[in-house]
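This report walks through the main features of one protein model, beginning with a helix and then turning to a sheet. Please keep the sequence and the structure in view while reading.

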Amino acid sequence: MKILVIGASGRVGTELVKQLLADDHQVIGTTRQAKTLFDNDNYSQLDLDLTTEKDTIQSQINNDIDTVYFVAGSGGKDVLEVDLHGAIKTIQAVQDKGIKRYIMLSAAFSLDTSKWDTPGIADLKDYYICKHYADQWLVNNSTLDYTIVQPGALKERAGTGKIVINDGDSGENSIEDVATTLAAVLNASNTIKKAFNMHNGETTIKDAIASV
């Protein structure tokens with residue numbers, strides 16, 4: 001496939017692009033960095049500013065894209081412009097382009113506000129509000145074939161290849177396993193129009209995705 005990864009220079013984005021390239025996909029990564037992130041014939045790069053107008057974003061997206069991943073984030077520095085407004089502008093732009101498949105990296109319980117008083121979430125309330133409404137827009141205001149992946153805390157440790165989905169706990173995730181899960185939903189039609197929470201567990205990612 002020809003895949004656009006919005007946020008290719010982030011921690012999850014970097015691992016995701018590596019996996020997509022290993023699967024022989026053609027990947028266009030977006031970043032504000034001048035340096036080319038990956039030395040691969042199937043990789044190209046786009047300087048995409050999520051704070052600019054929707055029409056400007058739309059003009060930079062090719063018509064022949066098969067799937068768009070949104071894995072960008074402001075790191076808490078500009079949650080309104082990037083995590084909320086930037087995300088929604090890409091949803092609008094992708095839909096206007098006629099692209100159908102859109103995979104969103106979100107956060108555990110972004111759509112379940114009853115869980116927001118739990119430790120680790122309460123301290124990130126502004127971020128969670130932005131993710132909540134970006135996800136709500138994707139679900140309720142778009143016609144895209146979306147999948148929303150909602151991991152718990154991201155940890156820089158080796159991947160296990162095993163997760164658990166929707167068990168009521170936010171948990172922790174290796175960044176590699178989140179990227180593997182994102183890559184796995186690409187061709188999993190059962191995840192279309194679905195959102196699910198995940199964290200490291202005892203089920204292989206393939207089997208866990210099949211259960212969504």
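## A helix with a kink

Helix H3 (residues 79-97) has 19 residues and spans 25 Å from its first C-alpha to its last, close to the 27 Å expected at 1.5 Å a residue, where the expected span is 1.5 Å times one less than the number of residues. Helices (H or I, at least four residues) and strands (E, at least two) are DSSP runs, numbered from the N terminus. The model is predicted, so that local features need pLDDT of at least 70 and side-chain atom pairs count only at pLDDT 80 or more, while totals for chains, interfaces and linings use all residues. Residues are numbered from 1 along each chain as its sequence is written, and side-chain values use heavy atoms, with hydrogens and water left out.

H3 has a kink of about 35° centred on histidine 85, the bend at a residue being the angle between axes fitted to the seven residues ending there and the seven starting there. Just after H3, glycine 98 takes a positive phi of about 85°.

## What H3 packs against

The buried residues of H3 include Val82, Leu84, Ile88, Ile91 and Val94, where buried means under 20% relative accessible area, exposed over 50%, and partly exposed in between (1.4 Å probe, protein chains only). Which elements do the buried residues of H3 pack against? They pack against S1, helix H2 (54-59), S4, S5 and helix H4 (125-140), with contact meaning heavy atoms within 4.5 Å.

## The sheet

Strands of a sheet pair through backbone hydrogen bonds, either parallel or antiparallel. In this model, an open sheet of nine strands has the order S3-S2-S1-S4-S5-S6-S10-S8-S11, with mixed pairing, and two strands count as paired if DSSP finds at least two bridges between them. The edge strands, each pairing on one side only, are S3 (43-46) and S11 (203-204).

Strand S1 (residues 2-6) runs parallel to strand S4 (residues 67-70), joined to it by four bridges, and valine 5 has tyrosine 69 in S4 as its bridge partner. S1 is also parallel to S2, with five bridges between them, and isoleucine 6 stands opposite threonine 30 in S2. S2 and S3 pair in the parallel sense over four bridges, with tyrosine 43 in S3 as the bridge partner of valine 27. Strand S2 (residues 26-30) is mostly covered, since four of its five residues are buried.
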